[in-house]
Amino acid sequence: MSQDLPIAILGGGILGLTLGYRLSAAGVSVALYERDSIPGGLAGAMDFAGLQVDRFYHVILPTDTQVIDLCQEVGVADCLQFRPTRVGYFEQGKMYSLSSLAEFLRFTPLSLYERARLAYFVLYCQRFAHWSALDNLPLEDWLLKLCGPGLYKKLWKPLLDSKFDDQPKGLPATYLWARTRRMSTTRDRAQREQMGCLIGGYQILANALVKAIQKNGGQVHLGIGVNSLEYRQGKVEGLNTERGYQRCQTVISTLLPCHLQPLLPPEVVLEPQRYLGIVCLLLKFEQSLSPYYSINITDRSVPFTTVVETTHVIGTENMKDQTLVYVPKYVAPDSAYFSQPDDVIAQEFFTHLQRMFPDFHPAQVLAWKMLRARNIEPVHGLGAGSQLLPVTAPVPGLFQTSTAQIYPALVNCEAVIQLANQVASQMLPQAIAIPQP
């Protein structure tokens, strides 16, 4: 089927690209607009001291079937790679390995009873499939009941305080249920972890989706922002872009609600959404900093949330024999960290990296870069599952979907692609039924 006027898609992240690919593959005329000059959004790549690297760290799990299937469809499955990884744990100035069942059994920061409670909790989450019963249950109450006050105080409270910038109140139990279920799928029977990536990053997938959309007859406009929507009798009928006016049949926005709001009439106000931001120090070394892919940090004197050495998954051979380390701190969007100079934050992080890794010295760093994003992860409150829909229509002629509508899953590319597939299935009957002008 062809249509003289396309359906316009706002946003060229993985959500918008997957949605555009699904619609165009079904014969729907689409035109996608992305303000950035490259596709991929927060999953895209950037240049870092001569290397093409992810803007923020990402990982693919062996059970991420949505990601793996889409890679196969658009011809980049050969770039998928999975490797065994290790997990660290930093508590009270001491580093522990927590990478196998044997290490878990010897894990002295938790008592034998607390380790048993933690194992029970993980098993409970794996077997508890009906998340709706957890939607209105406060996370703290749920954890205290299942894990006991000792394990909650030693493990969960410091991890949650670090992740949510000391504001974890009001979270539903689904948050940790979803995370535990997802991460427990990374381990084999011996509790060894497996993680994966696309060699070249998600940029490889984003570029392949652009080509697939174009092959299907769709348009992808990169480096062209949308300044406003054009309304006629209260209905969206076109876009005012940086390259002029473009008429369309309807618009699907994949922008975050806070970015879509300025395009709406003053009387149309979207529901406010809480977000987490991130301030992340990216480092390049000649040698490995740590034997661990990621480190759980319960020592609250450490200002950052974790340390992620992505080359344990990517492979230094794919990074010119150099090591990449991301040191993120999740913060509220109004955090003072967004106004602090880069070198001030870097020096603070270096000080604590020296505590964690006694052999580390800032002189070993070949290059560093400070990455920031104010709205990177939506934070949902109690009862969110009964309120969120995959796609909404704020005004006639405009449909809206975004990562803020992912729930109860956490925001990752697996969940983003799943949302795009769901929205495409919902939109296709309407899109195909649109009469040609």
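Author: The second largest cavity has a volume of about 50 Å³, where a cavity is a set of points, on a 1 Å grid over the protein atoms alone, at which a 1.4 Å probe fits but cannot get out, and a volume is the space filled by probe spheres set on the points, which are joined across faces, edges and corners. This is a predicted model, in which local features need pLDDT of at least 70 and side-chain atom pairs count only at pLDDT 80 or more, while totals for chains, interfaces and linings use all residues. Residues are numbered from 1 along each chain as its sequence is written, and side-chain values use heavy atoms, with hydrogens and water left out.

Around the second largest cavity stand D54, Y57, H58, C197, Y293, T310, V313, I314 and Y326, each counted as lining because it has an atom within 4 Å of a point. By class, this lining holds 6 nonpolar, 2 polar and 1 charged residues, with Ala, Val, Leu, Ile, Met, Phe, Trp, Tyr, Cys and Pro taken as nonpolar, Asp, Glu, Lys and Arg as charged, and the others, Gly among them, as polar.

A search of the whole structure finds 2 cavities of 30 Å³ or more, and the largest cavity has a volume of about 170 Å³. Its lining is made of 15 residues, of which Y175, P378, V379, H380 and L410 lie nearest the centre of the largest cavity, and the lining of the largest cavity divides into 12 nonpolar, 2 polar and 1 charged.

Notes: On a 1 Å grid over the protein atoms alone, a cavity is a set of points where a 1.4 Å probe fits but cannot get out, and a pocket is an open set with protein on both sides within 12 Å along at least five of seven lines; lining residues have an atom within 4 Å of a point.
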